[in-house]
Amino acid sequence: MIDSLAGLHERARQRLDPVHYDFFAGGAGAEVALAENERAFGRLALRPRVLRGNDIRDLRTTLPGARAAVPIFVSPTAFHRLAHPDGELATARATAAAGAVLISSMAATVAIGEVAAAARAVDPAAAVWFQLYLQRDPAVTEHLVRHAEAAGCSALVITVDSPVFGHRERDQHNGFHDLPAGLTTANMQDLPGGPREIDMSAAFTWAHLARLRALTRLPLLLKGILHPADARLAVEAGLDGIIVSNHGGRQLDAAPAGIEALPPIVSTVDGEIPVLLDGGVRRGSDAVIALALGATAIGLGRPVLWGLAAAGESGVRQVLELIRAELDHVLTLCGASRPAELTPDLVVPRGCRC
Ligand SMILES: Cc1cc2nc3c(=O)[nH]c(=O)nc-3n(C[C@H](O)[C@H](O)[C@H](O)COP(=O)(O)O)c2cc1C
Ligand SMILES: O=C(O)C(=O)c1ccccc1
């Protein structure tokens, strides 16, 4: 039986240590950006087309380093072994089974080599991307890149919305700072000079990104873009894609919702590179709205964590299958056969005369 996302969320809440639940669920500051991610979808309506002969549908989507069965990616999230003992291995198997793209976090509790191998054991063509924050010590950044390459990752995702770590008041109140004994940030253990902490820095510029560009032939995507001027700079810098995201409301609390930031970015990028989106996608209708506004694929952060905490690999499979089935259903109701047929005129503000 497949649960609703709300059912899986509730089961996850019951099973998780409340401190770890708060770490997964929480956002920065007053959690305005977190709430707005979901609310902003609620302010948009889909204006469907009819009589389009769309009884056969095709959700396949081409992305940098990935031919996905669905326009869905698992957003990078830290510490999956806090949610379930199988951690990122379970997430990798379920994501590969769904034909979605996995973005594995540098803050994973399983090393990228094992994560990618678990995905490929399910589907040899499974796409796994590696997410990293540029590290102040360039030797550490380079090692992470080489580990991702050796693991067979097909793209790198550089998260650029975290010059400093967001202020998470729930974590401060709960005193949550470190992983419990027995869990480690596995990607940070086998590095020059021994284990390192994940390091964030406000000193990075586009010049550092150019150096990374010269370091690897893997496709590079930037995650955490909200301003169209930065999207344009990403195109000019030769990036292979961008992910529009406010980091699930965990960084700048005054940030707009990803879905609100998307349209001007899609205009500026003008089809030159794919524009992906995450934040607040909870329903197939949210996914279709984002695709219609020009996203090539949508990401799921917390829903995957709820599935994982509720029922391990099976729970993540359920989450991905729920969103896929709803996406297909809403696509049908909107008169489209393929994500690429969705156009911005299908999306209108709720409460408008249309
Ligand atoms: C518990 C948690 C950990 C996260 N860890 C990372 C991370 O390591 N790297 C990263 O780029 N984004 C991280 N994010 C942000 C997600 O990639 C994503 O942008 C966000 O969760 C999407 O919003 P959603 O949770 O509403 O789907 C994290 C988010 C959560 C909830
Ligand atoms: O990025 C995050 O939101 C996050 O929670 C995290 C936690 C530990 C290390 C890196 C990121």
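First, my contact rule: two residues are in contact if their C-beta atoms, placed from the backbone, lie within 7 Å. Leaving aside neighbours within four places in sequence, I found Ala 151 in contact with Ile 112, Gly 113 and Ala 116.

Housekeeping next. I am working on a predicted model, where local features need pLDDT of at least 70, side-chain atom pairs count only at pLDDT 80 or more, and totals for chains, interfaces and linings use all residues. Residues are numbered from 1 along each chain as its sequence is written, while chains are lettered from A and ligands numbered from 1 in the order in which they are written.

**Entry: Ala 151.** I located Ala 151 in helix α6, residues 138-151; helices (H or I, at least four residues) and strands (E, at least two) are DSSP runs numbered from the N terminus. Ala 151 counts as buried because it has 20 C-beta neighbours inside 10 Å. My scale calls a residue buried at 20 or more other C-beta atoms within 10 Å of its own, exposed at 12 or fewer, and partly exposed in between. Gly 113 sits 38 residues away from Ala 151 in sequence, yet the two are 4.5 Å apart, C-alpha to C-alpha.

**Entry: the barrel.** I traced a closed barrel of eight strands with parallel pairing, in the order β4-β5-β6-β7-β8-β9-β10-β11. Strands pair if DSSP finds at least two bridges between them. On average, neighbouring strands here are turned by 25° against each other, direction ignored. Axes are lines fitted to C-alpha atoms, for helices over the stretch in contact, and angles run from 0 to 180 degrees between N-to-C directions.

I then zoomed in on β9 (residues 241-244) and β10 (residues 275-278), which run parallel and are joined by three bridges. Val 244 has Leu 277 of β10 as its bridge partner. Both faces of β10 are covered, with Val 275 and Leu 277 buried on one side and Leu 276 and Asp 278 buried on the other. Helix α10 (residues 258-269) lies across β8, β9 and β10, at about 175° to β10.

**Entry: two positive phi values.** Most residues other than glycine have a negative phi, so I checked the exceptions. His 247, in the loop between β9 and α10, has a phi near 65°. Asp 270, in the loop between α10 and β10, has a phi near 50°. Are these two buried or exposed? His 247 counts as buried because it has 26 C-beta neighbours inside 10 Å, whereas Asp 270 has 11 and so counts as exposed.

**Entry: the core.** I looked up the largest nonpolar core and got 115 residues, with Ile 242, Val 244 and Ala 290 making the most contacts inside it. Such a core is a set of buried Ala, Val, Leu, Ile, Met, Phe, Trp, Tyr and Cys residues joined through C-beta atoms within 7 Å. Helix α12 (residues 302-333) gives the largest share of this core, 15 residues. Ala 290 is one of the buried residues of α11, a helix with eight of its nine residues buried.

**Entry: ligand 2.** I listed Ala 78, Ala 107, Ile 198, His 247 and Arg 250 around ligand 2, counting a residue as near if its C-beta atom, placed from the backbone, lies within 6 Å.
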